[in-house]
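Trainee: Could you go through a structure with me? I'd like to learn how to read it piece by piece.

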Amino acid sequence: SNFRHSPLSERHLELGEIAMPPKKGDPEQTVSEKILVEASRVYDARDGEEDSKDLKTYAAFLSRQDAFYKHIPKTLMDRAINLRPPRDRITCLLIGNHSAGKSSFTNWYVGEQIQNESVAIETAGITIIRRGRSRTTWKGPQTISAFPHLENLAKIDGVVDFLATEFSTSVEKNFPLVEFIDTPGLTDGTLKYPFDVDQVIYELAEHATMIMVFLDPIGKALVSRCMNVVERLAFKHAAKMSYYLTKFDTAGDEVDRTNVVSQIVQELQGRMRATHALKLHTMFLPERATEEVRRGLPNKIDELCQNIQREIDSRVQDVLDNLSKDCEALSAIVDEKVERNKKCVNHNRFASVWYTVLSCGFMLLLSVLAYWALLNFGETDVGGFCTHSDEPASEVSEGKAKVSLYCSLLRLGGGIPAGILLVALMVGTAVLWFKKTKQVEQLSGEEKKKLEAIQTHINGTIIKQHKQLKKKLTEDVLEDKLA
């Protein structure tokens, strides 16, 4: 095999250790770390219960395709369906040609020897480096299981066997808030990868906060495979990408360095659509350079660290902003459903009244129609209402006069007009019955209580938590307790 995969710690794998929140004795969390962790718990309480009091559970309940689903504004429903817990750190995807210093930079930033460094191809697979409670290594299946956003990665043949997560206890720089993803160096020639490395990088780029392109100045930066991947990534993720010419202290004299920079910039410009913001930063590890080199050569490695810090600050603000918008969206969905349910309840009440009235009216018309049929075609006066009386006309009471009029109408024209009228009235009553008595689905008592509980928790507890988190951020930046 062309690859050497570093052995994993069997003890750690057997114990199944997982990164957990800091416990007593751990270094104190920064304000940004506290905010990201607490905001993440608002979205996902991780208490293992099906009916958890968190936004993820609420969104799943509110986005069900019930009777009210089509009546909720699409923007609100889409936000609920796509609601995902924010990640409690930023993700930096490292790509580049072979021996570009990706692993060396990761080790330098973490302050610990996590990845092997060598001119040989040491990074054979995909390695995720992040902070945990102990120095632990996870294999591919556990990594996929723990990080659901990487599920699509498992669909690529062969990648799970070459996927690992390395946990470190380091608190150097901003490492507790950063997750590095180290990828194999991209080379041309006959070297074969054990999986589709290009497709893996494209998938990881979808979840990355920053994409750092590391290019080696010693003639390997312009390999076509590396440039093709960079070109495709820049087409979709240009805003995430930054470019670094690594090992700048080994690039020769000033003329050589200028030529290398010019060649790489020209190659990148020829492949990018928007080149006005293209910058190639030069960098090297300061500890590995002489004092003279450190003083004489431009080194943007500190600027890279500052960029990571800015992304963390931006992530904190974005998380708080999205938390506010998600709360507003879920609260609005609850209001829409409650209001819609009130209309449905009123509709069903009127439907019940219509049911009673129209049912009685239909039965009355049916009885009159039956009497009409017997009177006209059966020559039978069941009720004796229309039987001729021997009493003089002057002694006929008002009630009997009305009965006589009723009988005359039923017998008028051989009873045909009255029959047509009765049938028409019955058809009209039947049509009204089907239209007015139709019940619509409404919320059950349990569902109404659930909506009330969600609304109370969001508008009370979660909104209060959001305000407290924003206050923490403001006070941390302004260092003013009155902020």
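Trainee: To start, is Glu291 buried, partly exposed or exposed?

Mentor: Glu291 counts as partly exposed, because its relative accessibility is 42%, where buried means under 20% relative accessible area, exposed means over 50%, and partly exposed lies in between (1.4 Å probe, protein chains only). Please keep in mind that this is a predicted model, in which local features need pLDDT of at least 70 and side-chain atom pairs count only at pLDDT 80 or more, while totals for chains, interfaces and linings use all residues. Residues are numbered from 1 along each chain as its sequence is written, and side-chain values use heavy atoms, with hydrogens and water left out.

Trainee: OK, and which side chain does Glu291 meet in a salt bridge?

Mentor: Glu291 meets Arg294, at 2.5 Å from N to O, and a salt bridge here is a side-chain nitrogen of Lys or Arg within 4 Å of a carboxyl oxygen of Asp or Glu. Both residues lie in helix H10 (residues 291-296), 3 residues apart, which is about one turn of the helix. Helices (H or I, at least four residues) and strands (E, at least two) are DSSP runs, numbered from the N terminus. Arg294 is partly exposed too, with a relative accessible area of 35%.

Trainee: How many salt bridges does the structure hold?

Mentor: There are 16 salt bridges in the structure. One of them pairs Arg79 with Asp326, whose closest N and O atoms are 2.6 Å apart. That pair links distant parts of the chain, since Arg79 sits in helix H4 (residues 74-81) and Asp326 in helix H11 (residues 301-376), 247 residues apart.

Trainee: Is Asp326 buried or exposed?

Mentor: Asp326 is buried, with a relative accessible area of 7%, whereas Arg79 is partly exposed at 28%.

Trainee: Switching topic: what is the strand order in the sheet?

Mentor: The open sheet of 8 strands has the order E3-E4-E2-E5-E1-E6-E7-E8, with mixed pairing, and two strands pair if DSSP finds at least two bridges between them. Strand E3 (136-138) and strand E8 (280-282) stand at the edges with a single partner strand each, so one side of each has no neighbour in the sheet. From one strand to the next, the twist averages 25 degrees; axes are lines fitted to C-alpha atoms, for helices over the stretch in contact, and angles run from 0 to 180 degrees between N-to-C directions.

Trainee: And how many bridges join E7 to E8?

Mentor: Strand E7 (residues 241-245) is joined to E8 by 3 bridges, and the two run parallel. Tyr243 stands opposite Leu280 in E8.

Trainee: Which strands does helix H7 lie across?

Mentor: Helix H7 (residues 197-207) lies across strand E1 (90-96), strand E2 (126-131), strand E5 (178-182) and strand E6 (210-215), and it runs at about 155 degrees to E1. Contact means heavy atoms within 4.5 Å.

Trainee: One last thing: what is the phi of Ser99?

Mentor: Ser99 has a positive phi of about 60 degrees, although it is not a glycine. Most residues other than glycine have a negative phi. Ser99 is found in the loop between E1 and helix H5 (102-110), and it is buried, with a relative accessible area of 14%. Lys173 also has a positive phi, of about 50 degrees, and its place is in the loop between strand E4 (163-168) and E5.
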